[in-house]
Structures are given as structure tokens and as C-alpha cells.
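Please look at the sequence and the structure shown here before reading the notes that follow them. The notes are grouped by topic.

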Amino acid sequence: MHSKTLPDDVLFQGEKPFPVLPAVDHYAGSEKLMLKALSVQQELGPVFDITCDCEDGARSGAESEHAAMAASIIMSNDNRFGRVGARIHDVTHPHWEQDVDILVGKAGARMAFLTLPKPRSAADAAQQIEALRQAERKHGIEREIPVHVLIETHGALRDAWEIAALDSVESLDFGLMDFVSGHHGAIPGSAMRSPGQFEHPLIVRAKCDIAAAALANGVVPSHNVTTELKDIDYIRRDAERARREFGYLRMWSIHPNQIQPIIEAMRPDFSEVEEAASILTAAQDVHWGPIQHAGKLHDRASYRYYWELLKRAAATGMPIPDETRARFFG
């Protein structure tokens, strides 16, 4: 470990550090698909998260068994990186509290996050988060499990800023399909896929509002799925538009084919990563005072930008110069 002061210790004093999450959140509903996702994760490394889906995955009447199965996947030796979470049922479903109790009781020690679907308001999300805190106390879990919240109803979009500010929320996720369905035919079905999903004014507004609320509150905005499963260029283009035009730092995946193109689209520009490494190395050498680099002045404001960029590069598996890795990542 390099002995000099690290960026997080200097650049963000008194602030909640911005969460650095893998660029892909991969959804799996059945045991077979969860195991398949784990095998891909072992191959690629912790560059994507896996969400075990108890909402769409469980058969009616078999919710408890499904939640217990998801918990066993989270606790299994195949979960090498600790980057597996779960989605529970929504707040109107009779089983959501049992979902929380089973997942926390059986897998709270290793669950990377808990995802809350379809809140109708900030109050709904707060109610489920409080149930999560109670389950942690009941089962002796000494950490607060991070929470991801789906924005897919009119009320959740209205309360997006409040939801992003709730305790332990680290991601706001856009649920495009349910959001379009909630408009009673006023938004055409073509807006559930490209190019409509990036052009219809009501969808554009929702995506912008969610990204703005998330980023202002130190939370990661996560983009909805692309329905294309085979055309890799199409998948990559969707992820690039989400990243470059709408500020999303993470995106859902529903098929293993989608993981790699999304990661590639979400990565920082390689030349910027090299620049970040040079600037941060020089800054650390002068104890984070101002420097000149390539004829331009840099200070703590630009150091924050480049440090978060470098962390995103590391999280997406980009090559980072050895000296930089030794200095900043240990």
C-alpha cells in the first residue's frame, strides 16, 4: 500500500462517498438462471451484479421456497465476490414481509443489496426499508444492507428526490415497462424499446428526473433493460445512449448476451483513464494541492471528477497502470 494520503480521505471529507457499483445489474428468476449467472460472473469477475428475483421468479403459493432458494444462492460458495442481491415483492403483495425476513435471516450476512419494486410513494419505500432494519436487528445482522428502489409508478417518479434521500438507498432503477403500462395507452408500446424509449417526451422526462434525483443525492442511477437479446450492437447502442445522453452509470441485463456490451458501453474513455492516473499521481505527490498538467490547472474539483472516473474504470474491469493501482487501490 502506498503510504500517501488516499483520495477518499481528502476529497470527500464530511460527505457520503458516492457508491461505485458494477455497471450491470443482471436479473435471474429461476435457480437454473441464477447458477448460470454465477458461472458467468466467475469467468468475467465482479464487473456485474446478480439480482435473484423473488418478485417475477416465484410461483404463486411458492414464495417462501423461492426466497429460501435465492438466499441459498447468495450464501453458496459459487458467490465468490459477494455481489449478489435480491428483489422482493412489492408493498401491496401479501408475501413481501416474509421475503425480507427469509432473505435477511438466511443470507443477510452476504446479501449485496435488496431491491424494492413498485413503491407508489416515498412512504412505501420507507416502510419497506424500516422492515429491513427490523429484520437486521432480529437476525443479528450488524450492517445496514444497501437498498435499490425501482421507479416505475407515477407516485414514485413524483417522489424520486425523497426516495433517493432515504436511509441506505444506493441506486434508483427505472422500470420502463411498468411505467409505460401505467399510462393507460397514452404512451405507445413502441416507447418500450428503441428509439422510442429515448425520444418520447414523457419517457425522456422520467429518465432525466430519475438520473437527476439519484446523482444529486449521491445515488447511482440504473437504466432499464433493453428487450433485444441477440443483436450485440443494438444492445451496446442502448447502453451508450443511456450513459452518454441521460447520465446513467448502470443498466439492467436480462440475458447473459447483454452483460459484456453493456459493460463496454458504460466504461470511461480509455484516454481519460490514462489522464486521470497522471493527474491523481501528481496531485498526491503535492498532498492534493493545485497542479499544472498538460498546460492546464487542476485542483480538488477536478481531482474529485478524475478519482470517481478511475474508480468506475476499476469497477468495469479496465486496465489501470500498475503504479496507479498500487497507489490508490492497494
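**Barrel and packing helices**

Eight strands form a closed barrel in the order 1-2-3-4-5-6-7-8, with parallel pairing, where two strands pair if DSSP finds at least two bridges between them. This is a predicted model, in which local features need pLDDT of at least 70 and side-chain atom pairs count only at pLDDT 80 or more, while totals for chains, interfaces and linings use all residues. Residues are numbered from 1 along each chain as its sequence is written, and side-chain values use heavy atoms, with hydrogens and water left out.

**Strands**

- Strand 2 (residues 48-53) and strand 3 (residues 84-87) run parallel and are joined by four bridges; strands (E, at least two residues) and helices (H or I, at least four) are DSSP runs, numbered from the N terminus.
- Ile50 has Val84 in strand 3 as its bridge partner.

**Helix 9**

- Helix 9 (residues 201-216) lies across strand 5 (147-151), strand 6 (169-174) and strand 7 (220-223), and runs at about 175 degrees to strand 6; axes are lines fitted to C-alpha atoms, for helices over the stretch in contact (heavy atoms within 4.5 Å), and angles run from 0 to 180 degrees between N-to-C directions.

**Helices 3 and 4**

- The axes of helix 3 (residues 63-75) and helix 4 (residues 96-107) come within 9 Å and cross at roughly 30 degrees.
- Helix 3 and helix 4 are therefore roughly parallel to each other, a term that covers angles under 35 degrees.
- The contact involves, among others, Ala67, Ala71 and Ile74 of helix 3 and Ile102 and Leu103 of helix 4.

Terms used. Parallel < 35°, antiparallel > 145°, perpendicular 65-115°, else oblique.
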